[in-house]
Amino acid sequence: MPHHGAQGDPQYAFEGANANTQAAYGVGSADKFDNWNIMGGGDRIYLLNAISWQQRIALHTGRPVADWPATGIMDTQTRTLPGIRATSLARREF
């Protein structure tokens, strides 16, 4: 998956020339928000961090990125697959 700094910059994109450099994480960016971002060495998490995950989930499931919204809510209910009870997952009854 592309790193934070890869959004819109092909050199930092997956398998790009600089995909795994510190700059791909936003380190050294002129944008103060990149430096505050946890990926750039800061201590803040932004919805921007969800973009690469949304793209990858959409690729794996064949469903649009819009089906996988990022909310920023940290205290959420456990999600289950349709038709499978949460207790079934724990007991492997599927």
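**Figure 1. Gln 54 in helix α2 of a predicted model.** Gln 54 is part of helix α2; helices here are DSSP runs of H or I with at least four residues, strands are runs of E with at least two, and both are numbered from the N terminus. Gln 54 is buried, at a relative accessible area of 16%. Buried means under 20% relative accessible area, exposed means over 50%, and partly exposed is in between (1.4 Å probe, protein chains only). With neighbours within four places in sequence left aside, the residues in contact with Gln 54 are Val 65, Trp 68, Pro 69 and Ala 70; contact means heavy atoms within 4.5 Å. The model is predicted: local features need pLDDT of at least 70, side-chain atom pairs count only at pLDDT 80 or more, and totals for chains, interfaces and linings use all residues. Residues are numbered from 1 along each chain as its sequence is written, and side-chain values use heavy atoms, with hydrogens and water left out.

Figure 2. Ile 51 counts as partly exposed because its relative accessibility is 25%. Trp 53 is exposed, with a relative accessible area of 53%. From Ile 51 to Trp 68 the C-alpha atoms are separated by 9.7 Å, with the two residues 17 apart along the chain. Trp 53 and Trp 68 are 15 residues apart in sequence, and their C-alpha atoms are 9.1 Å apart in space.

**Figure 3. The aromatic pair of Phe 33 and Trp 36.** Rings of Phe, Tyr and Trp (its six-membered ring) pair if their centres lie within 6.5 Å; planes under 30 degrees apart count as stacked, over 60 as edge-to-face, and the rest as tilted. By this rule the count is 1 aromatic pair. Phe 33 and Trp 36 form an edge-to-face pair, with 5.2 Å centre to centre and 85° between the planes. Phe 33 and Trp 36 are separated by about one helical turn, because they are 3 residues apart in helix α1. Phe 33 counts as partly exposed at 42% relative accessibility, and Trp 36 is partly exposed with a relative accessible area of 32%.

**Figure 4. Val 27 before helix α1.** Val 27 lies in the segment before α1. At 34% relative accessibility, this residue counts as partly exposed. Apart from neighbours within four places in sequence, Val 27 is in contact with Gln 22, Met 39 and Gly 40. Val 27 and Gly 42 are 15 residues apart in sequence, with 9.2 Å between their C-alpha atoms.

Figure 5. Ile 38, Met 39, Ile 45 and Met 74 make a nonpolar surface patch of about 430 Å². Patches are made of residues with over 30% relative accessible area and no salt bridge; like charges are joined within 9 Å, and nonpolar side chains (Val, Leu, Ile, Met, Phe, Trp, Tyr) within 5 Å. Accessible areas come from the Shrake-Rupley method with a 1.4 Å probe, and for residues only the protein chains shown count as cover. Ile 38 is found in the loop between α1 (32-36) and α2 (51-61). The relative accessible area of Ile 38 is 44%, so Ile 38 is partly exposed.

**Figure 6. Two salt bridges.** The structure holds 2 salt bridges, each defined as a side-chain nitrogen of Lys or Arg within 4 Å of a carboxyl oxygen of Asp or Glu. One joins Asp 43 to Arg 44, with the closest N and O atoms 3.9 Å apart. Asp 43 counts as exposed at 66% relative accessibility, whereas Arg 44 counts as partly exposed at 39%. Asp 67 forms a salt bridge with Arg 63, and here the closest N and O atoms are 3.1 Å apart. Asp 67 counts as partly exposed at 34% relative accessibility, and Arg 63 is partly exposed at 45%.

**Figure 7. The protein chain and its confidence.** The secondary structure comes to 3 helices and 0 strands. Of the 94 residues of the protein chain, 18% count as buried. The chain averages a pLDDT of 77, and 74% of the residues score at least 70; pLDDT is the predictor's confidence in each residue, from 0 to 100. Among the elements of the chain, α2 has the highest mean pLDDT (87) and helix α3 (residues 86-91) the lowest (52). Where pLDDT is low, the predicted coordinates should not be read in detail.
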